[in-house]
Amino acid sequence: MVYQLDYNSDCKVMTRDYMLVAKAAGVEVDASVVDDLSKLHIELARLRSFWWVAAISLGCLLGYGWSLHAKITMAVPLVLQFFIGFMITGVFNMCMTLLVDVHPLAPATSQASLNIVRCSLAAGGIAVLQILIDAVGVGWCFTVVTVICLSTIPLVWAEIKWGPKWRESRATVEQKHSDESQSPVMADKTKA
């Protein structure tokens, strides 16, 4: 039920953001037709709400660590865990949707790549978590994790700022490779 609630809210937020960015760009959205992303700042459309979602999840993560440190009633960390999971799932959904949008020819490959990186980072983080807790305590451990997460936020800003240019460069290279790979085939067909 919680996943369904989160999925529905993520869809509504991302749809609203997409519509707002499309309207600002003068692009008419038709659900029956795939939109031309060359006219739309899809990075902004997909990551527009990232800032408040990340702020809530990181605030809850910090509060979670310090609530465990203070050894108060377990209700507080459990409620914070709910909000952390709810918000982090929103961040994942935004990133995964953006990946599919910018890699329409290989969406499964892009998703698999993201999952490998995400799971590898999670495994590394879990491996050092207890060591960090033993060294600095629970509250400071989650403060360090929050700071590490905050340090990655400039990457989101960079994707929004330079993403369209990177996407255009990649499309040019992919078109060039596509043209090169089709040329010999077309020449063979004309000879036959």
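This is a predicted model: local features need pLDDT of at least 70, side-chain atom pairs count only at pLDDT 80 or more; totals for chains, interfaces and linings use all residues.
Arg48 is partly exposed at 35% relative accessibility, where buried means under 20% relative accessible area, exposed over 50%, and partly exposed in between (1.4 Å probe, protein chains only). Residues are numbered from 1 along each chain as its sequence is written, and side-chain values use heavy atoms, with hydrogens and water left out.

Arg48 forms a salt bridge with Asp17, with 2.9 Å between the closest N and O atoms; the term denotes a side-chain nitrogen of Lys or Arg within 4 Å of a carboxyl oxygen of Asp or Glu. This pair links distant parts of the chain, 31 residues apart: Arg48 sits in the loop between α2 (42-47) and α3 (50-70), and Asp17 in helix α1. Helices here are DSSP runs of H or I, at least four residues, numbered from the N terminus.

Asp17 also meets Arg16 in a salt bridge, at 2.7 Å from N to O. Asp17 is buried, at 1%, whereas Arg16 is partly exposed, at 39%.

Let me turn to Glu43, which forms a salt bridge with Arg167 at 2.9 Å between the closest N and O atoms. Because Glu43 lies in helix α2 and Arg167 in helix α7 (residues 153-191), the pair ties together parts 124 residues apart in sequence. Glu43 is buried, at 0%, and Arg167 is buried, at 13%.

Finally, confidence: pLDDT, the predictor's confidence in each residue, runs from 0 to 100. Its chain mean is 84, and helix α1 has the lowest mean, 73.

How values were computed: Helices (H or I, at least four residues) and strands (E, at least two) are DSSP runs, numbered from the N terminus.
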